[in-house]
Amino acid sequence: MRSVAACVLALFLAVFLAACNHHDRDNPDNRSAAREAGREAYKLSQETKRLARQAGRQLRQASKEAHQGWNDEKHQEHSH
């Protein structure tokens, strides 16, 4: 999960730095490339958000299972 976040951060930084290039900003081809880079960055951010939600659901499920296992063991220990 950290590698996905690091890749997204690196991509955003690259897009930001490319957008900050003032010399070529008025060239229509460069604006088109910047727009495409922005679209790709947006797509990556949406995919990252989806994966983060999925990881959150999996973590909650694992937490519930661990808690249930803890309680099962506690009840077994008291019954012996």
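Biologist: Let's start with A5. Is A5 buried, exposed or partly exposed?

Modeller: A5 is partly exposed, and its relative accessible area is 42%. Keep in mind that this is a predicted model.

Biologist: Got it. Which helix is A5 in?

Modeller: A5 sits in helix α1, which covers residues 2-19.

Biologist: Let me zoom out for a second. How many helices and strands does the chain have?

Modeller: The protein chain has two helices and zero strands.

Biologist: And how much of the chain is buried?

Modeller: Of the 80 residues in the protein chain, 4% are buried.

Biologist: What about the surface: what is its area, and what share belongs to carbon and sulfur?

Modeller: The accessible surface of the chain is about 7100 Å², and carbon and sulfur atoms account for 57% of that area.

Biologist: Okay, back to single residues. Where is T48?

Modeller: You'll find T48 in helix α2, which runs over residues 28-79.

Biologist: Is T48 buried or exposed, and why?

Modeller: T48 counts as buried because its relative accessible area is 19%, and the cut-off for buried is under 20%.

Biologist: What does T48 touch, leaving out residues up to four places away in sequence?

Modeller: With those left out, T48 touches V4 and V8.

Biologist: And which backbone oxygen does the T48 side chain reach?

Modeller: That would be the backbone oxygen of L44, at 2.8 Å.

Biologist: Let's switch to charges. How many salt bridges are there?

Modeller: The structure has three salt bridges.

Biologist: Great, what about E47 and R50: how far apart are the N and O atoms?

Modeller: In the salt bridge between the side chains of E47 and R50, the N to O distance is 2.6 Å. The side chains of R50 and E47 are also joined by a polar contact of 2.6 Å.

Biologist: Where do E47 and R50 sit relative to each other?

Modeller: Both are in helix α2, and they are three residues apart, about one turn of the helix.

Biologist: How accessible are E47 and R50?

Modeller: E47 is partly exposed at 34% relative accessibility. R50 is partly exposed too, at 43%.

Biologist: Next one: which residue does E40 pair with?

Modeller: E40 makes a salt bridge with K43, and their closest N and O atoms are 3.4 Å apart. E40 and K43 are both in helix α2, three residues apart, about one turn of the helix.

Biologist: Are E40 and K43 buried, partly exposed or exposed?

Modeller: E40, at 35% relative accessibility, is partly exposed. K43 has 51% relative accessibility and counts as exposed, because the cut-off is over 50%.

Biologist: And what about R39 and E36: what is the N to O distance there?

Modeller: The side chains of R39 and E36 form a salt bridge with an N to O distance of 4.0 Å.

Biologist: How many residues apart are R39 and E36 in helix α2?

Modeller: They are three residues apart, so about one helical turn separates R39 from E36.

Definitions and conventions:
Residues numbered from 1 in each chain as written. Predicted model: local features only at pLDDT ≥ 70, side-chain atom pairs only at ≥ 80, totals over all residues. Heavy atoms only, no water. Helix = DSSP H or I, 4+ residues; strand = E, 2+ residues; numbered from the N terminus. Buried < 20%, exposed > 50% of the residue type's maximum accessible area, 1.4 Å probe, protein only. Polar contact = N/O pair within 3.5 Å; in protein donor to acceptor, adjacent residues only side chain to side chain. Contact = heavy atoms within 4.5 Å. Areas by Shrake-Rupley, 256 points an atom, 1.4 Å probe, with all protein chains shown as cover.
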